[in-house]
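Here is a short briefing on aromatic rings and their neighbours. Take a look at the chain before reading on.

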Amino acid sequence: MSRGTSPARDKRIIHLAAEVAETKDRRVPSLLLRLKPILDTCPPASGDGTRIRREIWEFQLLDVLILILKQDYSVIEGQWHTASRLTAIFSQVVTGLDLSKDEMRQVEKEKLPDAVDNMFLVARRIQARYLVVPKVPSKEKERMFLLGCFKTVIEALVVIAAAYLSITAKVMSSPWLLQLMIMDNGESVIMVMDMVVKVVRANWLALKEVPHKTLFSIMDELVYKLSAETDPGLGAGAAKCVLCICEYHKPMVASLCARYRGLRPLLARWEGQGFSRDLKHLHKLLEAGNAQRAEMERNSDSAVLIQANWKGFITRKKLAKANKAFAKLHKAFRNRQRVREETLVRTKHQSEMEYRGLLNRQKIMREFREKQLHCIEILPASKVDKYLQNEEFDAATKIQKLWRGFSEREKLTGRRDNIKRIRAAVKIQRTFRTWLERIERKKGDIPIHLRPPGLTDNRRVELQKCISNHREENPTHVMTREELEVLQKKAMGMLGQYYGGIRQSRKDEHKREMLITRLDIDSELCSLAPPLDKVTQKDVEMYSTRSVPVATKARVNHMETLRNLQLPWWKKLGDEFQEAEIPEEEVLLF
């Protein structure tokens, strides 16, 4: 059965092909089920998946799968579950098949049409068995099992039609399709109509290859489902299927309106059954009469829907803004009410306090008057006038004191502002004077009017002699005006360049002179330094420095010297000038 084996081939496929060749017909389906785990582990897009499917084709296991689907599985182990699994295995094999052009043409023209017919036959037999099983609770599990097997076969057909677009016309033209749709069983017919929708969407151009008689037969059955059935699922599936065929096959719209004129009144019985959108679309197709007008109405409805959604979005956005604005308005109103209430409470409290203060002052004044009258009653008549004069004098003194304090406090604010202005003026003047002093210091920092160093009288005589010799050796010729102007510009440029950099050069020269002077002083101090046994405190202060970096460096060098003195002799054999690493903590703690 094989065409020769190679070391790269899968041993599982080889053994399986050998067993299939030696086994009787009834055991072949059970053996072919062993392809399922092999195909599950090798996806179609992978290299192993392509190799496994090629080996299945080379060992002619694909032909065996096609032939074995014709058997009556009621007498085979696993029965219709085995048949449905074999259809799924077949769809897995042909989905990722990668052969040569001639072999692929052979698969599409010869193998797949036979396989589709056999798969429809399996689906029809499962559906017939499903219809025989009575609708009783004890048989419900068996019915659901058969319905699952039927669904597996239908899904395998959809997978093959999606993978090979040339098979779509074969699926739609098959007489088995119409027989599956004619049956009265609702669940299986719904699956078949769903399969028609998926197949048409996979390759809608294949509808042009379907014979008109077959297409009209399918439409007749769908319209019959819409007009005679009462199951909402069947009605929804039929409406969806009719709309899908009319959408992808425009001539069918005119035929639908002319062939089924009495369909519009019958569609009213499906109102409120859960597929009103499809019914509304179908009503519009029947009212339009042709595909062009239906397309225009559909575009118009789409435009209206887009406008409605846009207007709804804008309205919701405005409402959201209005809600936010109302929330802000309510919040502002509540805050204003709260502030107003707090102000009223504060004003009321302040009025009460003022009223209490007034009563308190009146009480104090009354007590003071009573006390004064009591004192006047006690005094002799000759001393009453003197007492009243003293009281008036004390009152006048107190009034003057209060007035003077008030007037001084009023003047204090003006005095503070005047003091601030005076201090600001002083600060500005100080800053301006400092700036002027800095400018003057910068101008008079380095004298640039002096002649450069090294230009002595002897050197000047030598330079003049060199110039005279050069003129004698190179007598001058009469220059033109242009050459004279060029020479003047060049001389002015060199002069400007010299005076432009003279300040920096004089500064550098001044620094060099200062550094040389400092080095001379330091060398002189080192040469005149007394021995360590004769050092006094004055000498220590003279040789000490206040510079922190210099003092730190001196400490580091001193510590390094002390450490080198304490080292053994074998550690002193290294580089004499190699700098040792000193921890930072020791430097800081020295």
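This is a predicted model. The count of aromatic pairs in it comes to three. One of them joins Trp403 and Phe406. Another joins Phe432 and Trp435.

**The pair Trp403 and Phe406**
- The ring centres of Trp403 and Phe406 lie 5.8 Å from each other.
- The planes of these two rings make an angle of 35 degrees, and the pair is tilted.
- Both residues sit in helix 18, which covers residues 384-443.
- Trp403 and Phe406 are three residues apart there, so about one helical turn separates them.
- Trp403 counts as exposed because its relative accessibility is 57%, and the cut-off for exposed is over 50%.
- Phe406 has a relative accessibility of 39%, so it counts as partly exposed.

**The pair Phe432 and Trp435**
- Helix 18 also holds Phe432 and Trp435.
- These two are three residues apart, so they too are separated by about one helical turn.
- Their ring centres are 6.0 Å apart.
- Their planes meet at 35 degrees, so this pair is tilted; a stacked pair would need planes under 30 degrees apart, and an edge-to-face pair over 60.
- Phe432 is partly exposed, at 46% relative accessible area.
- Trp435 is partly exposed, with a relative accessibility of 41%.

**A charge over a ring**
- Which residue lies over the face of Tyr130?
- Arg143 does, at 4.4 Å from the centre of the Tyr130 ring.

Notes
Residues are numbered from 1 along each chain as its sequence is written. This is a predicted model: local features need pLDDT of at least 70, side-chain atom pairs count only at pLDDT 80 or more; totals for chains, interfaces and linings use all residues. Side-chain values use heavy atoms; hydrogens and water are left out. Rings of Phe, Tyr and Trp (its six-membered ring) pair if their centres lie within 6.5 Å; planes under 30 degrees apart count as stacked, over 60 as edge-to-face and the rest as tilted. Helices (H or I, at least four residues) and strands (E, at least two) are DSSP runs, numbered from the N terminus. Buried means under 20% relative accessible area, exposed over 50%, partly exposed in between (1.4 Å probe, protein chains only). A charge sits over a ring if NZ of Lys or CZ of Arg is within 6 Å of the ring centre and within 35 degrees of the ring normal.
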